[in-house]
Amino acid sequence: MYLHTLLTPLLLLPFSAAIEILLPLYLYPGQEASAWSNIFSTISTHPSVQFRVVINPNSGPGTTSDLTDENHIAGISKLNSYPNVTTLGYVLTGYGQRDNALVNTDVDVYASWSADLRLDGIYFDEVSNDRTQQNYDRMEILSKHARESIEGAWVVFNPGYRAPEPLFAFCDMMVEFEHPLVDYQAEGILEQIPGEYMGKSAVQIIETPEGTDVEGLMVEMEQKGLGAVFFGEDCCYKVWNKELLEKMADAA
């Protein structure tokens, strides 16, 4: 009786899966991927944390089907060696203005990379959040092509701000917010995401001030059931603070 009394409140608590790190790796890797060393270190010391790492050699894959930059080859190969990493190829969609054929070509280039560089999915950036059937049809077509080109592709849409709910049907994760921390705190973003889509949603927070209680924010996000998060120090994911990386991974 006493044990049942203790356990009952715990059983009533909502279950939330562990939050993941959605990591936009736009920084050039440097000689033999030395500029990514902090990232490799954090990944290797947090084997239970899932990292979704976005690869972006040249605002996309570049124009050749053969990745020839030796430093990118070294870095991507190493990322693919970690069991807790999913690598995603960055593809611009231009808020509905970029031609579908060009978008699909970028996907095809990623799909053609050699086995040790093989990516696990596609990260579609600048996704339009227009609430039109034309937009929904377009993103369904692009997502379908990605999944046909890369077997088992994990697909992310990034409109940067609250997406129309029909778009969730065509992706595995939706970036519902990509703005400075001050805006995240002012706008109550988690309260705006419908509960049924929380686990498929991510926030990418930029311009995170030094001293921010990242752990406390992530506890709240995880309790709400948010799927993934990233905290960046600068606006454009070119500055990698090891302490900030470690805080995210420790709290995940």
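## The largest pocket

Ala, Val, Leu, Ile, Met, Phe, Trp, Tyr, Cys and Pro count here as nonpolar, Asp, Glu, Lys and Arg as charged, and the others, Gly among them, as polar. With that sorting in hand, the lining of the largest pocket in this predicted model comes out as seven nonpolar, four polar and four charged residues.

The volume of this pocket is about 260 Å³. If you want to find it on screen, look for Tyr90, Asp125, Glu126, Glu178 and Tyr237, which lie nearest its centre among the 15 lining residues.

## The second largest pocket

Next comes a pocket holding about 190 Å³ of space. Its lining takes in Thr208, Pro209, Glu210, Gly211, Thr212 and Val214, along with Glu233, Asn241, Glu243, Leu244 and Lys247. By class, that makes three nonpolar, four polar and four charged residues.

Helix H9, residues 242–251, supplies the largest share of this lining, with three residues.

## Helix H2 and its buried side

Helix H2 runs from residue 37 to residue 44, and its buried residues include Ile39, Phe40, Thr42 and Ile43. These four sit on the same side of H2, because they cover an arc of only 165° around the axis.

What do the buried residues of H2 pack against? Their partners are strand S1 (20–25), strand S2 (51–55), helix H3 (70–80), strand S3 (85–92) and H9. H9 is also the helix that gives three residues to the lining of the second largest pocket.

## Helix H5

Helix H5 covers residues 133–149, and its 17 residues should span 24 Å at 1.5 Å a residue.

Buried in H5 are Asn135, Tyr136, Arg138, Met139, Leu142, Ser143, His145, Ala146 and Ser149. The buried residues of this helix pack against helix H4 (100–112), strand S4 (121–125) and strand S5 (154–158).

Val127 belongs to the loop between S4 and H5.

Leaving aside neighbours within four places in sequence, Val127 is in contact with Thr93, Tyr95, Met139, Phe157, Asn158, Pro159 and Leu167. One of these, Met139, is among the buried residues of H5. Phe170 is 43 residues from Val127 in sequence, and their C-alpha atoms are 12 Å apart in space.

Methods:
Residues numbered from 1 in each chain as written. Predicted model: local features only at pLDDT ≥ 70, side-chain atom pairs only at ≥ 80, totals over all residues. Heavy atoms only, no water. 1 Å grid on protein atoms, 1.4 Å probe; cavity = no way out; pocket = protein on both sides within 12 Å on 5 of 7 lines; lining within 4 Å. Points joined across faces, edges and corners; volume = space filled by probe spheres on them. Helix = DSSP H or I, 4+ residues; strand = E, 2+ residues; numbered from the N terminus. Buried < 20%, exposed > 50% of the residue type's maximum accessible area, 1.4 Å probe, protein only. Arc of directions from axis to C-beta. Contact = heavy atoms within 4.5 Å. Expected span 1.5 Å × (residues − 1).
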